[in-house]
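Work through the exercises below with the sequence and the 3D view at hand. Try each task before you read its solution.

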Amino acid sequence: MKAILQRVLSASVTVDEKVVSSIGKGVLVLAAVAPGDTEKEAESLAAKVLKLKLWDDESGGRWKKSVKDINGDVLCVSQFTLLASTKKGSKPDFHGAMGGDDAKRLYEYFYSKVQEGYAADRVQNGVFQAMMQVALVNDGPVTLELTATPPPPKQGKQEKKPGTAA
């Protein structure tokens with residue numbers, strides 16, 4: 001999974017000219033699901049979103065407080081285009097994004113883990129696969145790229161044969 005996290009003063013999502021979610025001070029999370037991602041990656045990414053220290057403390061210490069520490073809000077928005085490849089030509093290739101129902105299931109799992117890790121009423125959501133207008137006031141600006149990637153496939157261990165060097 002991949003996410004772009006933006007520290008915001010406010011953010012909102014509009015679908016069909018209707019505001020479907022909005023937040024005040026907190027983080028906007030644009031998240032994408034890649035083929036091979038599992039619930040483990042979704043859990044890891046959700047934890048990173050909530051634990052990252054993006055705000056100063058009361059004594060001016062830099063990067064000391066998380067969104068939870070400041071009682072901020074979180075707005076999650078699915079955005080498969082984060083996984084586009086632009087290596088060839090001028091048209092983005094979206095094969096790096098998981099498709100359809102599997103992507104929706106895993107994105108919704110990610111969203112639920114953000115809610116469970118914080119407070120459900122502090123976590124808002126966009127509309128999966130909808131044409132959304134996302135508005136934000138970036139604070140700083142602070143924008144970070146987060147990734148949670150599945151481990152590489154395990155290769156079978158080769159047993160050491162007696163009498164051979166390691």
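The exercises cover a pocket, some salt bridges and a few backbone features.

This is a predicted model, where local features need pLDDT of at least 70, side-chain atom pairs count only at pLDDT 80 or more, and totals for chains, interfaces and linings use all residues. Residues are numbered from 1 along each chain as its sequence is written, and side-chain values use heavy atoms, with hydrogens and water left out.

**Exercise 1. The largest pocket**

Task: find how much space lies in the largest pocket and describe its lining.

Solution. 
- Start with the term. On a 1 Å grid over the protein atoms alone, a pocket is an open set of points where a 1.4 Å probe fits, with protein on both sides within 12 Å along at least five of seven lines. Lining residues have an atom within 4 Å of a point.
- Next, the volume. It is the space filled by probe spheres set on the points, which are joined across faces, edges and corners. For the largest pocket this comes to about 430 Å³.
- Now count the lining. It has 24 residues, and S78, Q79, F80, Q129 and M132 lie nearest the centre.
- Then place the lining on helices (DSSP runs of H or I, at least four residues) and strands (runs of E, at least two), numbered from the N terminus. β3 (26-32), β4 (73-78), α2 (100-117) and β6 (133-147) each give at least two residues. The largest share, 4 residues, comes from β3.
- Last, sort by type. Ala, Val, Leu, Ile, Met, Phe, Trp, Tyr, Cys and Pro count as nonpolar, Asp, Glu, Lys and Arg as charged, and the others, Gly among them, as polar. The lining holds 18 nonpolar residues, 6 polar and no charged.

**Exercise 2. Salt bridges**

Solution. 
- Apply the rule: a side-chain nitrogen of Lys or Arg lies within 4 Å of a carboxyl oxygen of Asp or Glu.
- Take R105 and E39, whose side chains meet at 3.5 Å, N to O. This pair links distant parts of the chain: R105 sits in helix α2 and E39 in helix α1 (residues 39-51), 66 residues apart.
- Check exposure. Buried means under 20% relative accessible area, exposed over 50%, and partly exposed in between (1.4 Å probe, protein chains only). R105 is partly exposed because its value is 46%. E39, at 36%, is also partly exposed.
- Take E58 and K65. Their closest N and O atoms are 2.5 Å apart. E58 is exposed at 70%, whereas K65 is buried at 17%.
- Take D73 and R122, which meet at 3.0 Å, N to O. D73 is in strand β4 and R122 in the loop between α2 and β5 (123-125), 49 residues apart. D73 is buried at 13%, while R122 is partly exposed at 29%.

**Exercise 3. Backbone features**

Task: locate a cis peptide bond, then look at the positive phi values of D16 and Q129.

Solution. 
- The cis bond joins G140 and P141, with omega about 5 degrees. P141 belongs to strand β6.
- D16 is not a glycine, yet its phi is positive, near 50 degrees. Look for D16 in the loop between β1 (2-15) and β2 (18-23). At 70% relative accessibility, D16 is exposed.
- Q129, also not a glycine, has a positive phi of about 65 degrees. Q129 lies in the loop between β5 and β6. Its relative accessibility is 64%, so Q129 counts as exposed.
- Link back to Exercise 1: Q129 is among the residues nearest the centre of the largest pocket.
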